Amino acid sequence: MVESWATSSGTLAEVFGVDLHVEVGGGRLRAGLMDALREAVRTGRLTPGTRLPSSRSLAADLGVARNTVADAYAELVAEGWLTARQGSGTRVAQRAAPRSPKPAGPRSATRRKPTYSLVAGTPDLSSFPRAEWLKASRRALTAAPHEAFGYGDPRGRIELRTVLADYLARARGVYAAPERIVVCAGFVHGLMLLGRVLRTRRVREVGVEAYGLDVHRDLVSGAGLRTPALGFDDVGTRTEELASAAAYKGLGAVLLTPAHQFPAGVALPPDRRSAAVDWARSTGGLILEDDYDGEFRYDRQPVGALQGLDPEHVVYLGTASKSLAPGLRLAWMVLPERLAGEVAEAKGQVDWSCGALDQLTLAEFIASGAYDRHVRGMRLRYRRRRDQLVSALAARAPEVRVSGIAAGLHAVLELPPGTERAVIQAAAWQGLALQGLSHFRHPELPPGRDALVVGYAAPTDSSWTGTLDALCRVLP
């Protein structure tokens, strides 16, 4: 068996040399070494241009005579496997890559990448505050204590939890204390941990909204919990039914997006917010509050977090995915006192998941005021995008009603009955990725109204006009 790898060539490699691991079998060292190197190049483990160690270094590593390695290198150079130049060392020769076989089947079967996308859920990634984030990272790294680079507390860095407690109380009306916060690697990670804890507590059902993300339903189902759909109408989830409907008697928790329902875009009315909290108090149930884009509101006063009404019966889940970028994989849960220890223990049993330096950087980013400045700037940017979308529709598709635009990063476009599927198909022909409202409907529910869910945050400035044109062309 031969196993080989090497570092890529570069400045450091040229100064210090490279490491190469080969296992040479058999008694003929020179022939075995040549076979090992040929195999490494043939299989791609040693890529073209990779610099090999000097004959002296490799001979010392293998415990063989230097001439054995030098002769092997010379013969492989003669065969064309390697190249040798004065001052550049011995490298893997450039070779033409073998042609991949053409995929079978008709050309139409291959899926083209969309030219434009209005898929909801992604922020403007080009506006990530790189310079400010780098400054915060440098300050955080400079000030970080040595123990920050250890395994640490599964709840997350105390610096981030302390800053989050202050920010969430100030900006979202959340009752938060550092010891109640658990930092996690995105909303999905937090929901996975909660599902495990709920299952341990013998909860069997978690009610979910009639329209929402299938990945969230699947995660809860994957924890062994049923996910019945809650009642829904034009103003959101009918939480007043929780206390009376027989279908909901087995619920131990409900998952809600009360500040800005995804994808319908409505805010849960005050009476229904109170009804949800009353249900949780009377049954001992939990409300899992997904506050995915609560910082972005335009034509209304901010809707505070539901958690502020009863911190002991609501789990607040927030994330940096919409305000900064999903690639950071940073989110947080503010937990009832009775759950905080269990969730932290569940997280510690699986993995820590969140890098300490990213946590410290976010803590510094928030504490310095850079986070508030960034959110305010993005709020203006997204509002302009929303206004441009509404104006384009008013001018070119006046029959289409737009809703869910008072907050967030997406809008809902009402369609004539029976046209949603045709519009999605027409958009695909235009190279435009779109999602219909039916994509988010709970599988237990019958077909509902036809509509599009349009995410207007992600397109770049250069593609925005073309994206709007493509959308208007496919609308009925």
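In which strand is Arg91 found? The legends below begin with that residue.

View 1. Arg91 is found in strand β2, which covers residues 89–92; helices (H or I, at least four residues) and strands (E, at least two) are DSSP runs, numbered from the N terminus. With a relative accessible area of 14%, Arg91 is buried, a word that stands for under 20% relative accessible area, whereas exposed means over 50% and partly exposed means in between (1.4 Å probe, protein chains only). A polar atom of the Arg91 side chain lies 3.3 Å from the backbone oxygen of Gly49. This is a predicted model, in which local features need pLDDT of at least 70 and side-chain atom pairs count only at pLDDT 80 or more, while totals for chains, interfaces and linings use all residues. Residues are numbered from 1 along each chain as its sequence is written, and side-chain values use heavy atoms, with hydrogens and water left out.

**View 2. Ala74 in helix α4.** Ala74 is found in helix α4, which runs over residues 66–79, and is partly exposed, with a relative accessible area of 46%. The C-alpha atoms of Ala74 and Thr90 are separated by 9.5 Å, and these two residues are 16 residues apart along the chain.

**View 3. The largest cavity.** The structure holds five cavities of 30 Å³ or more, and about 50 Å³ of space lies in the largest cavity. On a 1 Å grid over the protein atoms alone, a cavity is a set of points where a 1.4 Å probe fits but cannot get out, and lining residues have an atom within 4 Å of a point; grid points are joined across faces, edges and corners, and a volume is the space filled by probe spheres set on the points. Among the residues that line the largest cavity are Tyr167, Leu168, Arg172, Asp291 and Trp332. The elements that give two or more residues to this lining are α6 (158–172) and β10 (314–319).

**View 4. Asp372 in helix α12.** Asp372 is found in helix α12, which covers residues 370–396, and is buried, with a relative accessible area of 17%. Not counting residues up to four places away in sequence, Asp372 touches Tyr167 and Arg170, where contact means heavy atoms within 4.5 Å.

**View 5. Backbone angles in three loops.** Most residues other than glycine have a negative phi, and most peptide bonds are trans. The peptide bond from Phe262 to Pro263 is cis, with omega near 10°, and Pro263 lies in the loop between β8 (251–256) and α9 (270–283). Arg202, which is not a glycine, has a positive phi of about 70°; its place is in the loop between α7 (187–200) and β5 (205–208), and at 67% relative accessibility Arg202 counts as exposed. Arg329 also has a positive phi, near 55°, and belongs to the loop between β10 and β11 (331–334), where Arg329 is partly exposed, with a relative accessible area of 36%.

**View 6. Confidence along the chain.** The protein chain averages a pLDDT of 89, and 91% of the residues score at least 70, pLDDT being the predictor's confidence in each residue, from 0 to 100. Confidence is lowest in helix α1 (residues 11–16), at a mean of 36, and highest in β10, at 98. Over residues 106–110 pLDDT stays under 50, and the model has zero contacts beyond four places in sequence for these residues.

Note on methods:
On a 1 Å grid over the protein atoms alone, a cavity is a set of points where a 1.4 Å probe fits but cannot get out, and a pocket is an open set with protein on both sides within 12 Å along at least five of seven lines; lining residues have an atom within 4 Å of a point. A polar contact is a pair of N or O atoms within 3.5 Å; within protein, one must be able to donate a hydrogen and the other to accept it, and residues adjacent in sequence count only if both atoms are side-chain atoms.
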